[in-house]
Amino acid sequence: MNFVAWAIVACEVLFWVVILAGFSARYLFKRQKLGLFFLALTPVLDLILLIIAGIDLYNGASATTAHAVAAIYISVSIVFGKSMISWADERFRYYVTKQGSPPVKRYGMDHARHYFKSWLKHLLAFLLGAGILYGLMIWIDDPARTEALFSILKVWTIVVGIDLLISSSYFIWPRKAKA
């Protein structure tokens, strides 16, 4: 694996480390400001990854799948970051500290609407990520060095289409509550 791929792995691990540290500080140690500090570090990790990938490309590296995944990671983090943190916060509060109500289980049209909204976020992340990838292709201006970026963009386009089909299927075949 190249340096950018390791940076992605490190950023993902650190993302969950700072999230857990933030929740632990907030709920277990009753240190609200410290918890907020840790949670505020999550966008810093995205910035670090962006800088690492940008410097690597600026120094003449050919774009790899890792560079494309970095763009995807950043766009997904920007679009889904707040909802991922809320999702984890709700579960940490309920399962670890035994506070609050249990996480909501969705069924029927509520489930369908929820996942369609999630698909819309996926589409937004795709548009942002595609913009980053196209921006990198224009910046590098060498199709031979950016072939991996375009390949990943084609795959991601198919994934967004499949996600739309899955999300739409919930309107046709709504999820039923377990009896």
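Reader: Is Ser167 buried or exposed, and what is its relative accessible area?
Author: This is a predicted model. Ser167 sits in helix 6. Buried means under 20% relative accessible area. Ser167 is buried, because its relative accessible area is 2%.

Reader: Which residues does Ser167 touch, not counting residues up to four places away in sequence?
Author: Contact means heavy atoms within 4.5 Å. Leave out residues up to four places away in sequence, and Ser167 touches Tyr115, Phe116 and Trp119.

Reader: Which other residues in helix 6 are buried?
Author: Ser167 is on the list of buried residues in helix 6. With it come Ala148, Leu149, Ile152, Leu153, Trp156, Val160 and Ser169.

Reader: What covers the buried residues of helix 6?
Author: Contacts are what count as cover here. The cover includes helix 4 (65–96) and helix 5 (108–140).

Reader: What distance does helix 6 reach from its first C-alpha to its last?
Author: Helix 6 has 26 residues. At 1.5 Å a residue, 38 Å is expected. The reach is close to that, at 38 Å.

Reader: Which element has the highest mean pLDDT, and which the lowest?
Author: The protein as a whole has a mean pLDDT of 91, and 99% of its residues reach 70 or more. Helix 6 (residues 147–172) has the highest mean among the elements, 95. The lowest, 87, belongs to helix 3 (residues 42–58).

Reader: Is Tyr134 buried, partly exposed or exposed?
Author: Tyr134 lies in helix 5. Buried means under 20%, and exposed means over 50%. Tyr134 has a relative accessible area of 42%, so it is partly exposed.

Reader: Which residues is Tyr134 in contact with, leaving aside its neighbours within four places in sequence?
Author: One of them, Leu153, is a buried residue of helix 6.

Reader: What separates the C-alpha atoms of Tyr134 and Tyr170?
Author: Along the chain, Tyr134 and Tyr170 are 36 residues apart.

Reader: Why does Arg26 count as buried?
Author: Arg26 lies in helix 1 (residues 3–28). Beyond four places in sequence, Arg26 touches Arg31, Gln32, Gly35, Leu39 and Asp89. The cut-off for buried is under 20%. Arg26 is buried because its relative accessible area is 19%.

Reader: Which residues do ring pairs link into a cluster with Phe23?
Author: A search of the whole structure finds 11 aromatic pairs. Ring pairs link Phe23 into a cluster with Tyr27 and Phe92.

Key
Residues are numbered from 1 along each chain as its sequence is written. This is a predicted model: local features need pLDDT of at least 70, side-chain atom pairs count only at pLDDT 80 or more; totals for chains, interfaces and linings use all residues. Side-chain values use heavy atoms; hydrogens and water are left out. pLDDT is the predictor's confidence in each residue, from 0 to 100. Helices (H or I, at least four residues) and strands (E, at least two) are DSSP runs, numbered from the N terminus. Buried means under 20% relative accessible area, exposed over 50%, partly exposed in between (1.4 Å probe, protein chains only). The expected span of a helix is 1.5 Å times one less than its number of residues. Rings of Phe, Tyr and Trp (its six-membered ring) pair if their centres lie within 6.5 Å; planes under 30 degrees apart count as stacked, over 60 as edge-to-face and the rest as tilted.
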